[in-house]
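Hi everyone, thanks for coming. Let me put the model up, and then we can walk through a few spots together.

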Amino acid sequence: MKTLFLQAPSFDGFDGGAGSRYQAKREIKSFWYPTWLAQPAALVPGSRVLDAPVEELSVEETLSIAGVYDLVIIHTSTPSFPTDAKFAELLKALHPDILIGMVGAKVAVEPDASLLASAAIDFVAREEFDYTCKEVAEGRAFKDIAGISYKLADGSVQHNPSRATIEHMDDLPFVAPIYKRDLKIDRYFIGYLMHPYVSIYTGRGCRSKCTFCLWPQTVGGHRYRVRSAANVLAEAKWIKENMPEVRELMFDDDTFTDSSNMERVHEIARGLHAMGWTWSCNAKANVPYESLKIMKDNGLRLLLVGYESGDDQILHNIKKGLRTDIARTFTENCRKLGITVHGTFILGLPGETKETIARTIEYAKEINPHTIQVSLAAPYPGTTLYKQAIENGWLEENTSAHLVNDKGVQLAMISYPHLSKEEIFHGVETFYRSFYFRPSKIWEIVKEMAGSWEMTKRRLREGVEFFRFLRAHEA
């Protein structure tokens, strides 16, 4: 079947998130690659990936493009599902014979509710859906495809047996050729990454047990299954030869620096250095100095680090597997080696109080990552955090669909007897103002801008967007 893999039109500035985990409009407009759609697209000859938000396509324009396909597979999420389902209904009304499926964590954990929410959705794919999509596109009968749920003639929902987890990651084709074929890579922009960049995964799953993290608990699992170093370097070589404008590689594995994986990381780093690559990755704040040095000496520029909180009890509550003293040492080592750090923090996790919010803000100022991102605790269905929130009365069941408002701004959904969701929500702007509006941080940014006209233009644009975000948060 002629197949379209689609990120449907949505909020202005809604980026789909890293692996579509951060389903909200960002402080600064940014876009991550739709890797989870590009991967199955690489398995389906003649398919196309369409990222409507990035291409700034309207609903009408996207309907026109999608209308010529036999099969449309939409990547959805808990907050975007209502608008994605509405798009599916509009498409089905115009073209009743088009087969429409959905993929993503939302439908993986709630297949019944997702299918019954709209008559336009013909099937949903659970678990890892790469080969599921391939088999649907080949025209196999639904009854013969593992990992899908679909509606029967009587309106009931049929759940086929689960699809086995992909073990041999090297068997998956590269996503970079799909990026080059279907995407406008100059549109993919992240404030802390060099532009243009390319994001790829070198493995799936995460051994950490963080209670809030969506994908390991719903799709990827808690075993880290990796591509061989040779396979990763072969794709890096392909990008170098075929996409010469790319200035940086970003490895978006949940924890690229997993301690079980460090020799492979060292091998990849040395291979990237031999090709002349600058690269960045996600990391836990516990990488030993010796490994950090090998990585830095071989082209590492930036680490994206989830600190989450400056309170050790909260880190224990969310099973982060990390203490603040370890994170402090790690961050100081990065500073000594000249590794830039983009730190992420979350407000509203179990155990949060006014005092812990203040402590986390001071902690962030103390360790002083180059840039930060502050999120609100998001209780996605399928996560331990969601179950805890329901069981303890911190969240009303089935309200997680309202994780963002109609403008795409993330909302605080969890509240505690001692701390309201309004107080948690406004903690975000307090955090940002306290961190960035310091003389030392302002001077740091000014010095960075003074060294490059390109950086000056970039930071000024980001500054305008950031102040708009703060105003929206205050409203």
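Gln158 is partly exposed, at 30% relative accessible area; on this scale buried is under 20%, exposed is over 50%, and partly exposed is in between, with a 1.4 Å probe and protein chains only. Before going on: this is a predicted model, where local features need pLDDT of at least 70 and side-chain atom pairs count only at pLDDT 80 or more, while totals for chains, interfaces and linings use all residues. Residues are numbered from 1 along each chain as its sequence is written, and side-chain values use heavy atoms, leaving out hydrogens and water.

Back to Gln158, then. Leaving aside neighbours within four places in sequence, Gln158 is in contact (heavy atoms within 4.5 Å) with Ile148, Ser149, Tyr150 and Leu152. Between Gln158 and Asp112 there are 8.8 Å, C-alpha to C-alpha, and 46 residues in sequence.

Now for the inside. Which residues have the most contacts inside the largest nonpolar core? They are Phe251, Trp279, Leu303 and Tyr307, in a core of 120 residues. By nonpolar core I mean a set of buried Ala, Val, Leu, Ile, Met, Phe, Trp, Tyr and Cys residues joined through side-chain atoms within 4.5 Å. Looking at Trp279, and again skipping neighbours within four places in sequence, its contacts include Phe251, Phe256, Met295 and Arg301. Apart from that core lies another, of 25 residues, among them Val72, Phe81, Leu115 and Val124.
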